[in-house]
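This report describes selected strands and helices of the complex shown below. Please read it alongside the sequence and the coordinates.

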Amino acid sequence: MPDPLRSAATAVFLLISLGAASVYAANDGQAGAPGTAVESGATAQPTGTTAPKGAAGATDTTGAKGTTGAKGSTGATGGTGGTGSTSAPVCKSTVSGAIAYLDLKNQKVTLPYGTAFAITGGTADVQLGGRALSTLITPQAVNGDYGASDGVTGAIVDSPIGGTTWNVNLGKLTPDSSVTINFHFTGPLASSYVNSVLSQMMADPAFTSATKELATVAHGKPAADQMAAAAVMSQSAASVVTAILKSNGLVPKSPDDLKTALGTAIFNKIGPVYNVNQDIDTLQKPIYHVADTLGLAAADFNKLSAQELADKFRAKAPDYSKVQADSRADAQWQVEQFLKDFDEAAGGLTSGLQGALFTGSASLAVGSDQATDVVCDLQKYAGFDAGALYSFRLSELRSFFLVHIYFGSVSARPGAPPPKHTAGEWLRQRTSLAFGMALSDISGSSNSKISGQNAFVYGLGFRLNKYFRITAGGLLYRTTLPAGAGGATSPVNGRLRQEFFIGPSIDITGLSALQSIFAKAKSN
Amino acid sequence: MIAGFIRLQSVINKDGTKTVSVRATEDATGGTETITFEIIDQTIPVKVTFAPNATETVSVNHTATGEGFVTVTAANSPQSIQRWLNVNKPSDP
C-alpha cells in the first residue's frame, strides 16, 4: 500500500519543481476518472491542468498595474516579470545605518516603519529654488518636522552642522504611509550669494519703482529732505531684498531685526546703491561704444545684470580702443565708477546681512497619496486565508482555511518596494507554503466521499495582490465510499486518500485592522 | 543738440571751492547749448558752444552741501545724467 505521507511529499515536490502543478491523481489501480475517488499514494498522472500557470498570468497583470509602476519608477514588479531595475525604490528594511537624503529624494528607498531612524546628507545635496543650499547660506544647524498620511507628526530636533554633512533623527512611522518631511537649515548668507542678491535687487521692479519715487520726491529739495526720502527708499529696498531671499527659500530668523539692519545698511550706502543703475544706464548709451570694449553686441550688453556686467569687466580687460579717442578716458572712468559703486553697494548689503541668520527650508514631500508611499510596507511572515477550493475528482467545492507561511518576511502588498530587485525576490514576495483544513462542501454535493467532511490541505499559494491569492495543492482525507452491491463495503473505506485542488482565497490578515498579525513590529 | 553725458563727478578744488563737472558730447549739428546743473537744491544753467561731434568738459562751481541728487540736463535734448553724490567729497573712482 502506498504511503500517504510519501505521496504528499511527492506532490509538493512536483508543485514546486514544475512551477505549474500537475494534477496529482492518486491511483491504486483505478482509472481515476473525474469524480472518482482514488486512493492516496498511487502514481501521479499529469493531466495537463494549467491552473498554476493561470495564476502566474494573473499575477503578471497585477504587476503591470502595480504601485511601483504607478510611481513612475521603472517598475520592479511590472511587465518585466519582476526583474526590475536597480533604480527602483527598495524597502530600507534590510539596510542598516542612516538613510541617504539623496536616495530618499530620488525615491531609491522607502523609509523604515516602527523604529526611529536617521537621515543624512550633504549640504550641497539640498536644493532651494534650484540652487544648492551651500551656495545660499553656510548651514550651521538643521531641524524640521514631518507629517504622515495617517496623522503621525513629529519634530526634528535641532542638529548642529559642523562641516558639509548633516544628520537628523526621525521617530517611528507607520507602514505603507506617505510622509512629508520639512528640513530647516539655519546659517548666515554665503558671501558669494550677496552679490547675486544685490544684482537681483537692482533689477527688481519694486526697487526701480522705489528709486524713481525717490528721485521724484527728493529732486531739488535740500539735502536733509533728500536724506529723509532716501531713508524711506532704503526701507523699500530692504523689503525687496527680503522678498528676494524668500524667493530663494530663505527667511530671516528675525524679520524685524533684519529689516532694521538692512534698511540702515542700504541707507548708509544710498549713493552707490542708487548710482549702480545710473552707471549702467550711461554705459549702455550707444554713443560711448562700451559694449564694443567687451566685444559684445549692444543688445547682448544691455541684457546683462549688474553682477554679470561687473563679472564681464573683471574677467576681461575692456578694449577701450573701440571707443572714440576723445571719449576713451570718460568711458574708462565710467566703467571704473560702476565697479566701485557695485562693490560699495554689495559691501553695504553684506554689512546689513552680516550676523543675520537665515533659515532655508527644503520640503521633501514624497508621497502625496497612498500610492506613492515612502514608508516600507508592513513586513509579514505569514497570512491567514479563507476561501473555496475545487477538487476535480471529487467534483466538490469546499470552504477552507489556510495558514500561509512565506519564505522570509514579505511586504503586505506584493507590489510594494522590496528589499532588493531580483526575479527571485519578485517570486519570493508572492509565494507561500500553505497548510490548513478544508471544511464542509459548499457546492451542494449530497454524497461526499470525505469522511466527517473535514480534510487536511497543503500546497503553494501565489498572491495576486494584497488580499487575494490562488492556492493549489493536495487535499488529504479519509474516505467513506457508498456500499456496493449487496451492501458490501468498499475495501478502501477508511483509508487516507488525496486529491489535487485549486482555489482562490482572501488573506484575512490583509485587512487593515488585522494586518499586523503575523507581521514584523518594525521593518529593521 | 547734446548727444550724451558721461562722467558726472564732484570735485573739491585746492582753494576749497566745490565744482561739479560732466563730459558732454555734441551731435553733428554743433552750436551753443544750454546745460543745466541741479546740485541738490541749487540750479545752475550754463551756456556752452560745441563744435560738431565734440566732447567737452562742462563744470560749474556751487555752494551746495551734503548728499543728494545731482542732475545735468540739456535744453532741446532728451539726454540727461543723474547721480547721488556727496558734494562735500570728491567722487573719483
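Together E7(A) and E8(A) make a hairpin with four residues between them. Within that turn, A:Gly151 adopts a positive phi of about 95°.

## The pairing of E7(A) with E10(A) and its two faces

E7(A) also runs antiparallel to strand E10 (residues 179-187) of chain A, to which eight bridges join it. In this pairing, A:Gly144 has A:Phe183 of E10(A) as its bridge partner.

## Helix H8 of chain A

Helix H8(A) spans residues 223-247 and contains 25 residues. From its first C-alpha to its last it reaches 35 Å, close to the 36 Å expected at 1.5 Å a residue. Just after the helix, A:Gly249 takes a positive phi of about 85°.

The buried residues of H8(A) include A:Gln226, A:Ala229, A:Ala230, A:Met233, A:Ser234, A:Ala237 and A:Ala238. Further along, A:Val240, A:Val241, A:Ile244 and A:Leu245 are buried as well. An α-helix has 3.6 residues a turn, so residues three or four places apart point the same way.

## The sheet of chain B and the helix across it

In chain B, three strands form an open sheet in the order E1-E2-E5, with antiparallel pairing. Its edge strands are E1 (2-12) and E5 (55-62), each of which pairs on one side only. From one strand to the next, the twist averages 20°. Strand E2 (residues 18-26) and E5(B) are joined in the antiparallel sense by eight bridges, and B:Val22 has B:Val58 in E5(B) as its bridge partner.

Helix H14 (residues 328-353) of chain A lies across E1 and E2 of chain B. The helix runs at about 65° to E1(B).

## Confidence of the prediction

Chain B averages a pLDDT of 93, and 97% of the residues score at least 70. For the complex, the predictor gives an ipTM of 0.95 and a pTM of 0.56. Where pLDDT is low, the predicted coordinates should not be read in detail.

Conventions:
Residues numbered from 1 in each chain as written. Chains lettered and ligands numbered in written order. Predicted model: local features only at pLDDT ≥ 70, side-chain atom pairs only at ≥ 80, totals over all residues. pLDDT = per-residue confidence, 0-100. Expected span 1.5 Å × (residues − 1). Buried ≥ 20, exposed ≤ 12 C-beta atoms within 10 Å, placed from the backbone. Pairing = 2+ DSSP bridges. Axes fitted to C-alpha atoms, helices over the stretch in contact; angles between N-to-C directions. Contact = placed C-beta atoms within 7 Å.
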